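Subject: Structure handover

Hello,

Here is the structure I promised to pass on. Please open it first, then read the notes below.

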Amino acid sequence: MRLFTIILCSFFLQIAYSQSSETTKTPKDLAQEQLDAYNNRDIDAFLIPYADSVKIYNFPNTLIMSGKEQMRSTYSQMFKNTPNLHCELVNRMVMGNTVIDQESITGFGADKF
């Protein structure tokens, strides 16, 4: 089983505001929602925090995905093919509107997405 460490920055996340200021979601809330949906392999919930114009890069500057629909296609296939997929939050730093998560991901095995 392979182990991955991923850093997720909130600039990939769309700041979602509800109509009531009492229920406004913080960047930390959005990062947690994305993580929970990932672990549940719920593609619709997973994509909610992201902007339609999201861009995903391999560090430091290689673009690998652009737009929610490309994410939907890629992650839907990955969720389907990796029933044991799980992401554990190792560390989270929150600085204003930026969230940096260190994550440990297991469940890929020999599967490819």
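**What was found**

Asp101 sits in strand β5, which spans residues 98-106. Helices (H or I, at least four residues) and strands (E, at least two) are DSSP runs, numbered from the N terminus. The model is predicted, so local features need pLDDT of at least 70 and side-chain atom pairs count only at pLDDT 80 or more, while totals for chains, interfaces and linings use all residues. Residues are numbered from 1 along each chain as its sequence is written, and side-chain values use heavy atoms, with hydrogens and water left out.

Back to Asp101. Its relative accessible area is 0%, so Asp101 is buried. Buried means under 20% relative accessible area, exposed means over 50%, and partly exposed is in between (1.4 Å probe, protein chains only). The side chain of Asp101 makes a polar contact of 2.6 Å with the side chain of Arg92. A polar contact is a pair of N or O atoms within 3.5 Å; within protein, one must be able to donate a hydrogen and the other to accept it, and residues adjacent in sequence count only if both atoms are side-chain atoms.

**The chain as a whole**

The protein chain has three helices and five strands. From the N terminus on, the order is β-α-α-β-β-α-β-β. Of the 113 residues in the protein chain, 34% are buried. Take the contacts (heavy atoms within 4.5 Å) with a separation of 6 or more: 55% of them come from residues 24 or more positions apart. The accessible surface of the protein chain is about 7,100 Å², and carbon and sulfur atoms hold 52% of that. Accessible areas come from the Shrake-Rupley method with a 1.4 Å probe; for residues, only the protein chains shown count as cover.

**The hairpin**

Strands β2 (residues 55-58) and β3 (residues 62-66) pair in the antiparallel sense over four bridges. Two strands pair if DSSP finds at least two bridges between them. Tyr57 has Leu63 in β3 as its bridge partner. Three residues lie between β2 and β3 in this hairpin. Pro60 is in the loop between these strands. The peptide bond joining Phe59 and Pro60 is cis, with omega about 5 degrees.

**A positive phi**

Arg41 is in the loop between α1 (27-40) and α2 (43-47). Phi of Arg41 is near 50 degrees, a positive value in a residue other than glycine. Arg41 is partly exposed, at 29% relative accessible area.

**The aromatic residues**

How many aromatic pairs does a search of the whole structure find? There are six. Rings of Phe, Tyr and Trp (its six-membered ring) pair if their centres lie within 6.5 Å; planes under 30 degrees apart count as stacked, over 60 as edge-to-face and the rest as tilted.

Phe46 and Tyr50 have ring centres 5.5 Å apart and planes at 50 degrees, so this pair is tilted. Phe46 is buried at 1% relative accessibility. Tyr50 is buried at 2% relative accessibility. Phe46 also forms a tilted aromatic pair with Tyr75, at 4.7 Å centre to centre and 40 degrees between the planes. Phe46 lies in helix α2 and Tyr75 in helix α3 (residues 68-81), so the pair ties together parts 29 residues apart in sequence. Tyr75 is buried too, with a relative accessible area of 17%. One aromatic cluster takes in Tyr38, Phe46, Tyr50, Tyr75 and Phe79.

Best wishes
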